[in-house]
Amino acid sequence: MNFKNFVNKIFTYIPDNSPEFALLENENPSDHNDTENNFILDTEKIFSSIDVNMEFIKTKYNTLINSDIILRDFVINARGKQYKAFIIYIDGMINSEVLNDFILKPLMMRNRNNMFDNDQNRIISEAVTNNVTVRKVKKFDLADYLKSCLIPQNSIKELDSFSDVFSGVNSGNCALFVDTLGIAFDIEVKGFKQRSVEKPNNEIVIKGPHESFVENIRTNTSLLRRIVNNEHLIIENVEIGKITKTKCALCYIKDITNTDLIAEVRFRLNNVKIDSLISSGQLEQLITDTNDVAVPQNLSTERPDKAASYLLEGRVVILVNGNPYALIIPSVLVDFIKSPDDRNLKPAFANFVLFIRLLGTAITLLLPGIYIAITSFHQEFLPTELLFSIIASRNAVPFPTIVEILIMEISFELIREAGLRVPSPIRSYYWYCWCYYYWTGCCKCWYS
């Protein structure tokens, strides 16, 4: 037990559940003034006073120490009146040209659109009936006027809570606050650097498209849209993570995918309770059933054509923002031995290659056990010459056969991990040393 407790203390963390505060016995929480609590609850809603909104945002974003949070205040001219306003954005995540030309310039410049008479009503339609003029007048609405007349941007939303504003700003948009309005405008001005569509690194094919997913979720959804090319392709947005609020996309084809499967995947995604989500592999572990046998239930791919083909078969595809891999749900055993190249081959040759993969999988799984069983317990299956050579080669080995196989398997895993994790210069150096000593040993054996 002492050794078990020692191991648990090293590799696990058990939080202390004891509270760090205590309530006095004669203290009644209801006696306190609820003004502060009401203020905390109301801070989710945007205030109509621009000064209060600015102070609240400065506090939330710690603008005194945050160097990339930009607050730009200015004055808007609308219908002959001036309104105080400010925008907030993150430097490095927005397109400065779009912000200057399509947001600040139309709002701050004095032109015919925002400098006509002070009439607060607008005539929508006018008709004359029996010498009587009937006019339909709409009262001036500042929010509608800004959205429909002064901001020439295609993607703009009206938000009434600070949580939605923070989510938009953190994703690369800018938020516009105007005095006397209890809402904010979320305007898309994304302009951060991102990786372009490149060739797949792990799933390379000879015949087929040479495009792979990237880290931007909207680029990935556009790749799927372009391949499927059907209006029944549904892409639902899901946010996972209390802190990161990672955007995920649930993709399926209506009238092809089973509705029960869609409902089950949607239920599992919406019920993931986690603080942060970084990768699709992490999401795969959170939504997969736990089983004793380590058989994968989901398939991941970096190829848009492969994901689109599974969509057309009735599967569900999940995309995670910031990760260039898509999850295909559900998956069967045959999916792990298929290749996107099989669709570009003749059926007879594709089936032959599939059989070769199945044979290779069986050999990989069963060959070590078969070798141990034959050499240790069933030597009569081997030819006499082969048995004698195996016995002669094992005379100098001080370990049993099973230990030799385990050492070999662990060595292969170490070589594979070293090839993946070790930096390229170090890997090249050790590969050169290994080739040199191997060639030197071969030459000595040849000359001897």
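Which residue with a positive phi follows α6? G172 follows α6, and its phi is near 115°.

**Before you click**

This is a predicted model, in which local features need pLDDT of at least 70 and side-chain atom pairs count only at pLDDT 80 or more, while totals for chains, interfaces and linings use all residues. Residues are numbered from 1 along each chain as its sequence is written, and side-chain values use heavy atoms, with hydrogens and water left out.

**The whole chain**

Select the protein chain. Its secondary structure comes to 14 helices and 12 strands. Helices (H or I, at least four residues) and strands (E, at least two) are DSSP runs, numbered from the N terminus. Of the 448 residues in the chain, 31% are buried. Buried means under 20% relative accessible area, exposed over 50%, and partly exposed in between (1.4 Å probe, protein chains only). Now turn to contacts, meaning heavy atoms within 4.5 Å. Among those between residues at least 6 apart in sequence, 62% join residues at least 24 apart.

**Stop 1: helix α6**

Select residues 162-170, which form helix α6. Colour F162, V165, F166, G168 and V169: these are its buried residues. They cover an arc of only 165° around the axis, so they lie on the same side of α6. The arc is that of the directions from the helix axis to the C-beta atoms. An α-helix has 3.6 residues a turn, so residues three or four places apart point the same way.

Next, show what covers these buried residues. The cover includes α3 (50-61), β2 (81-90), β5 (156-159), β6 (174-178) and β7 (184-187).

**Stop 2: α3 against α6**

Two packed helices are described by the angle between their axes and the distance between the axes. Here the axes come within 12 Å and cross at roughly 55°. That makes α3 oblique to α6. Axes are lines fitted to C-alpha atoms, for helices over the stretch in contact, and angles run from 0 to 180 degrees between N-to-C directions. Angles under 35 degrees count as roughly parallel, over 145 as roughly antiparallel, 65 to 115 as roughly perpendicular and the rest as oblique.

Show side chains at the contact. From α3, take N53, F56, I57, K60 and Y61; they meet F162, F166, V169 and N170 of α6. By class, this contact has six nonpolar, two polar and one charged residues. Ala, Val, Leu, Ile, Met, Phe, Trp, Tyr, Cys and Pro count as nonpolar, Asp, Glu, Lys and Arg as charged, and the others, Gly among them, as polar.

**Stop 3: F74 in β1**

Go to strand β1, residues 69-78, and pick F74. Is F74 buried or exposed? F74 counts as buried, at 6% relative accessibility. Draw a C-alpha to C-alpha distance from F74 to A85: it reads 5.5 Å, for residues 11 apart in sequence. Beyond neighbours within four places in sequence, the contacts of F74 are Y83, K84, A85, F86, I87, L104, L107, M108 and L176.

**Stop 4: α7 and α10**

Select residues 217-228 for α7 and 304-312 for α10. Their axes are 9 Å apart, and the helices pack at an angle of about 60°. The two are therefore oblique to each other. Show L223, L224, I227 and V228 in α7, which meet P304, D305, A307, A308, L311 and L312 in α10. By class, the contact has nine nonpolar, no polar and one charged residues.

**Stop 5: a loop residue, I274**

Move to the loop between α8 (259-270) and α9 (280-287), where I274 is found. I274 is buried, with a relative accessible area of 17%. Its C-alpha atom is separated by 8.5 Å from that of I243, 31 residues apart along the chain. Not counting residues up to four places away in sequence, I274 touches I240, G241, K242, Q282 and L286.

**Stop 6: α11 and α13**

Finish with α11 (residues 347-376) and α13 (residues 401-421). Their axes come within 10 Å and cross at roughly 160°. The helices are therefore roughly antiparallel to each other. At the contact, P368, Y371, I372, T375 and S376 in α11 meet T401, I402, I405 and E409 in α13. By class, there are five nonpolar, three polar and one charged residues here.
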